[in-house]
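Subject: Structure for you to look at

Hello,

Here is the structure I promised to pass on. Please open it next to this message, and read on for what was found in it.

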Amino acid sequence: MELTFTLANVSWNRPKSQYKQMVHEFLNYVKNPNYNVEESTLTLQNKIASIKQLLKFKLSLLPIIFLVIFITKKLTGAESVVWDKNWTNYLMIVAFAPIFEELTFRYALRYSKTAIAVMILMVVWLIAKFTIKDNQDIAFIVGITFSLIPVIRIAMKPFDNQLEKQWIRFFPFIFHLSAIIFGLMHLTNFEHINNYFLAIPLVSSQFVSGYVLGFIRMKFGLIYSMGLHAVWNFITSFPILIMLIAKLF
């Protein structure tokens, strides 16, 4: 019996690696955000493995992002804001910022009365932070808003079902808006900007993070987006950690 070898006998469709599968799924999600995507049946190990692939994806973009930021700084005269390198500020970056920013920008992606109320509180805090200089005034405004959270929930209750339907209906817009505002907010990390429109690429890293973290929040849950956010901030601030440890000796 003679075998005839042809190209048809060869399978060229190799299975995709986990990395390619996860990146492909993420990019498709960005094109068409889906409210009902949560993976509640995956094991913790599988969730972490998937999140690691998205971390690798963002790390792979760093050379391009650094080049974009370098060029944009030259074009706009922007400079990174200099902040005190101490343990308090370091912990704010690695621990507090991921929790605060995820509550502000990702918690309410999945509708609930509490999530909306907390988002309102966080937005009020952000506005107060950048418009009011007196810390006591900021604390007073935030305190008043925090006390109103139960009132906001009660006020929303009669419209809860209708609001949830509209939230789901407009979810793609809400998802993109969340990621974009998250990125633009980080323009405050720079100063001496002579053209804010041209300066938008300065926050290209935060735009990517906004979409990645939003995808993770919807697919795996808020705790996982907080976790990746903290890991990312730890990686990018690692040189500061080394410097702070060196000061101890």
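Before the rest, some ground rules. This is a predicted model, in which local features need pLDDT of at least 70 and side-chain atom pairs count only at pLDDT 80 or more, while totals for chains, interfaces and linings use all residues. Residues are numbered from 1 along each chain as its sequence is written, and side-chain values use heavy atoms, with hydrogens and water left out.

Pockets

Rolling a probe the size of a water molecule over the atoms shows where empty space is left. On a 1 Å grid over the protein atoms alone, a pocket is an open set of points where a 1.4 Å probe fits, with protein on both sides within 12 Å along at least five of seven lines; lining residues have an atom within 4 Å of a point. Grid points are joined across faces, edges and corners, and a volume is the space filled by probe spheres set on the points.

The second largest pocket has a volume of about 190 Å³. Its lining includes Thr104, Met119, Trp167 and Ser178. Helix H8 supplies the largest share of this lining, four residues. (Helices are DSSP runs of H or I, at least four residues, numbered from the N terminus.)

The largest pocket has a volume of about 1700 Å³. It is lined by 40 residues, and Trp83, Ile93, His186, Asn189 and Gln206 lie nearest its centre. H3 gives the most to this lining, with seven residues. By class, the lining of the largest pocket holds 23 nonpolar, 13 polar and four charged residues.

Core and rings

A nonpolar core is a set of buried Ala, Val, Leu, Ile, Met, Phe, Trp, Tyr and Cys residues joined through side-chain atoms within 4.5 Å. Buried means under 20% relative accessible area, exposed over 50%, and partly exposed in between (1.4 Å probe, protein chains only). The largest such core has 39 residues, and Phe26 and Ile216 have the most contacts inside it. H9 provides the largest share of this core, six residues.

Phe26 counts as buried because its relative accessibility is 4%. Apart from neighbours within four places in sequence, Phe26 is in contact (heavy atoms within 4.5 Å) with Leu54, Phe57, Tyr211, Val212 and Phe215.

Rings of Phe, Tyr and Trp (its six-membered ring) pair if their centres lie within 6.5 Å; planes under 30 degrees apart count as stacked, over 60 as edge-to-face and the rest as tilted. By this rule there are 13 aromatic pairs. Phe26 and Phe215 form an edge-to-face pair, 5.7 Å centre to centre with 65° between the planes. This pair links distant parts of the chain, with Phe26 in helix H1 and Phe215 in helix H9, 189 residues apart. Phe215 has 0% relative accessibility, so Phe215 counts as buried.

Lys47

Lys47 lies in helix H2 (residues 44-76). At 10% relative accessibility, Lys47 is also buried.

Regards

Definitions and conventions: Helices (H or I, at least four residues) and strands (E, at least two) are DSSP runs, numbered from the N terminus. Ala, Val, Leu, Ile, Met, Phe, Trp, Tyr, Cys and Pro count as nonpolar, Asp, Glu, Lys and Arg as charged, and the others, Gly among them, as polar.
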